[in-house]
Every structure is written in C-alpha cells, then in structure tokens.
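Have a look at the sequence and the 3D structure first, then try each task before you read its solution.

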Amino acid sequence: MAPSDTSSKDGGSTPERTPGPDGTSAHLPGEPSGPGTHPVDELLPPVKLFSTGLQHVAAMYAGVVAPPLIVGAGVGLSPAELALLISASLFTAGLATLLQTLGFWKIGARLPFVNGVSFAGVAPMIAIAKEHSPKDALPVIFGAVIVAGILCFLAAPYFCKLIRFFPPVVQGTVITLIGVSLLPVAVNWARGGSPGAPGYGSMRAVGLAAITLVAVVLCNRLLRGFWQQLSLLIGLALGTLIAFPLGLADFGAVKDAKVFALPSPFHFGAPVFDAAAIISMCIVMVVAMTESTADMLALGKIVEREADEPTLAAGLRADGLATALSPVFNGFAASAFAQNIGLVALTKIRSRFVVAAGGGILILLGLFPVLGSLVSLVPQPVLGGAGIVLFGTVAASGIRTLAEAGMESSSNTILVSVSLGVGIIPIAVPTFYDSFPEAVRTLMHSGISVGCVMAVLLNLLFHHVGAARRTRSGKTSGATVPTATPS
C-alpha cells in the first residue's frame, strides 16, 4: 500500500489551524475547549485525565527504565547510583513529553505524542562505555548526547525534506539491528549479569529468567485491555517476588535512596566531548529522528489531524531540545514511544492533555528516588527474562516494517542482507575491530551505527543514483515515507 503524502502538492504545508474530521476548526494552544474543539485539544475531567494519563505511563514505564538499567549496569554503577539514573530518566522523559504535547513557539508537535529514553542509543552507549574508564564513561556519553540533541534541533526543518532517503527498508533494517544488538544483553542478564558474580549461569538464575519470560507471555495472552499493557511489569514483579526467597534480590538500594530529591545537574561529572562518541550518537539521533517522524505521521492519521511539515519540524525540535537538556539532569536521548500510539488507537482517546498528564506523572516519579530504587530491586535474571520479550519485540517490529517495504525487490534484499550482516559483526565477534584506530573504534563497535550507515549508503546506490533512468524504464525507486516503528 502506498503511503499517504502529508504535504500539499506544491510542496507547501497545511495551515497550523487544521480542520477536524467534522469540518470544525481545530483548537490552538491557549484557546479554551468548546463544542467545536478537535478531540486532540479536548481537556478531559481531572479524574479521567489522571487515570488515562497513568495508563500511558504504564504502557511506557518498562521502556523508560530499561535503558538506564542497561547502561548503568554496563558502566558499573552502584545500586544507589543506578536508582538515581532511573529517576533521572523518568524525570527527563516527563519533561520531553510535556514539550511534545503542550509545546511553545515552534517546539512540540502538540499531538498525544509520548517521548522517552531512546532504545536506539543503548548499544552505542554501551560501546562508548567499554572504550572509557567507569569514571569517565557517563560524562563522555552525556557530552555526545548533548551534541546529538543540538544537531537534531538545528536539522529539524531540513530533515523533514530528507525523509525520502530513509524509506521503510532502511528503517526496518535499523530497528531490527537495535533488537538483535540488545538480545545478547538480555541473555547475559538471564545468566546473572556479571560473569564474575557468584552463581553466574546457574540453573537458579536461568530458571528465574525462564519463569519471568513465561509470566510475561501468559499475561500478554490471557489478560486484556489495561492489564495486558501491564504484562511486562507484572512479569517483572512476579519474578522479583520469587527472587526474594532465593536470595537474589537486594534491598540495599531502597535503604540508601532518598524519598524526595531534586535532580542534581551533572551528578556524574561535567560532560566530556569525545569526537568518536559524538559521531556515534549523532548517527543514533538520525535514526531516532527517522522513528519520530514516522510515528508522528502515523499518529496524525489515527487522531485525524495530519502531521504536516511544520508539525514534523516542531516535533523534531522538541526531540532535539529534550535530548540536549536531558544530560544536564543525568538523562539520555529522547524519542518517540510507538507503543503509546497503539494505545491511542486502542482507547480512541485522542486528547494530547491526557498524554501531558502522563508526562506530569513521570516527572513526579523522577522526583522521588525511592520509587526508582524499587525498580532497581529487580534482579538481573528477572530483567533478562523480560528483556528477551522486550528486545525481541523491537526486532520483530523491524521485521514487520521490512515486510511492508517490498522485499520482493532484489535491491532491497541485498540492502537488508548486507546491512544486517555488517551490523551483526560486532555482535557476533566483539573483538573484530580491535585493530582499528581508536578514533573510529567506538563507531565500528556499534552494530546499529555501522548497519545504519551501510543501509543509507546502499539505499542511495540502489534507489537514488540513476533513479530517474530506472523510473523511465518502468521501475520504482522504492523511496517511500516510512511507517511507524517502536522506540
């Protein structure tokens, strides 16, 4: 099915005030809601606003806390520091969500658009951490994220015009690599997390991971509606409860955590700007921009307010600003959470203020570190069992996107096979690029970054170089607007 064009035929865009499906005028920020208000701008009663906003938090919570858990474990943080990193991610996800839903000036899509910590950055950040000492890893990561956020903000109005270079075949390849890159992390967790830890790889650890995995699958199969959205959290909670009598859960983080604390700017040190790390995170940001653009296009269709070029640019500016500010409060890159788009489609509740309420709840969760410390109680094997589902879902979403990309084309088959093959090299053989210069080692050690660059280059070769000649001969370029994908 050909994708819908979101701009006018003369290359312009629709006015900022877009008519609703019934022909009424759409509500603009700052205007009171009324009978003619578009559902996107409808302000619901407080109780419904809070409950439906909480549902969005439930749908995204596991996705927000997983990246800091992965990166924090990779850097070797203590339980108390890990709790702080989780709280920071919740806090910055809330700020990013408010930027997207409420917005100001030309920043924010003003759609029911949830933002959180981007999964795309996890594997490259782990690669960056491996190249630096534990003390310097987070400052280097934060410095790279700040630069990547500024790049996103400045490139937003231009990136919308370049989206044709990121068709579904490229996007699907990158999303698949994200999931595949993270699956080994989940498997290592299932064995106990650290090879030197007591009981690493034991039947007790693997069995606990298996119980968690089965619990998540059964909850997803047997539960419905809101409870089905909570299947991952239910599996984590059940696995953690079982871990207590087995002696695999540690209360140390809860004892040391503060009940309330304002975010401490640059708690882990001032940002360090490393060229190789910056290149790696900028590539990740391009991937995140592609995902966000696709998600905004899909969400616009669902809520019946199409995302035109100004809307896309405003949404990407919000991504960039939130990403650049997040490291100040010890957070990571922010991007769209597509699972919440599915929730909008499922509930038919299109109000952006509902999602804004969810953003407010995330900020409150981030301001209470004791809540973050409760999350850090989850043992590594439990997280590993749930991670197999979580990361596998990301890979499956990439495969689904590839299925929509027209894989009957031989050029697309070559593009995907070569990009996946190159991207899997550092996953299969982590030492493959050890002899390369240090300046490029961080980039090459990330399968996502290498695979993304290869996919874009091959897409240019097959679908853009000489595209006019192939079009005249009856062949299509395949450069279509990407469909929505998860974070």
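**Exercise 1: a surface patch**

Val 214 is partly exposed, with a relative accessible area of 46%. The model is predicted, so local features need pLDDT of at least 70 and side-chain atom pairs pLDDT 80 or more, while totals for chains, interfaces and linings use all residues. Residues are numbered from 1 along each chain as its sequence is written, and side-chain values use heavy atoms, with hydrogens and water left out.

Task: Find the helix that holds Val 214, and name the patch residues.

Solution: 
- Step 1. Val 214 sits in helix α6, residues 203-222. (Helices are DSSP runs of H or I with at least four residues, numbered from the N terminus.)
- Step 2. "Partly exposed" lies between buried, under 20% relative accessible area, and exposed, over 50% (1.4 Å probe, protein chains only).
- Step 3. Together with Leu 218 and Leu 222, Val 214 makes a nonpolar patch on the surface, with about 300 Å² of accessible area together. (Patch residues have over 30% relative accessible area and no salt bridge; nonpolar side chains are joined within 5 Å, like charges within 9 Å. Areas come from the Shrake-Rupley method with a 1.4 Å probe.)
- Step 4. Gly 207 also lies in helix α6, and is partly exposed at 26%.

**Exercise 2: an enclosed helix**

Solution: 
- Step 1. Eight of the nine residues of α3 (residues 122-130) are buried, so this helix is largely enclosed by the rest of the structure.
- Step 2. Among the buried residues are Val 122, Pro 124, Met 125 and Ile 128.

**Exercise 3: a cavity**

Task: Which helix gives the largest share of the lining of the largest cavity?

Solution: 
- Step 1. Rolling a probe the size of a water molecule over the atoms shows where empty space is left.
- Step 2. A search of the whole structure finds one cavity of 30 Å³ or more, and the largest cavity has a volume of about 50 Å³. (On a 1 Å grid over the protein atoms alone, a cavity is a set of points where a 1.4 Å probe fits but cannot get out; lining residues have an atom within 4 Å of a point.)
- Step 3. Helices α5 (168-191) and α10 (275-302) each supply at least two lining residues, and the largest share, four residues, comes from α5.
- Step 4. The lining divides into six nonpolar, two polar and one charged residue. Phe 166, Gln 171 and Glu 291 are among them.

Methods:
Salt bridge = Lys/Arg side-chain N within 4 Å of Asp/Glu carboxyl O. 1 Å grid on protein atoms, 1.4 Å probe; cavity = no way out; pocket = protein on both sides within 12 Å on 5 of 7 lines; lining within 4 Å. Points joined across faces, edges and corners; volume = space filled by probe spheres on them. Nonpolar A, V, L, I, M, F, W, Y, C, P; charged D, E, K, R; others polar.
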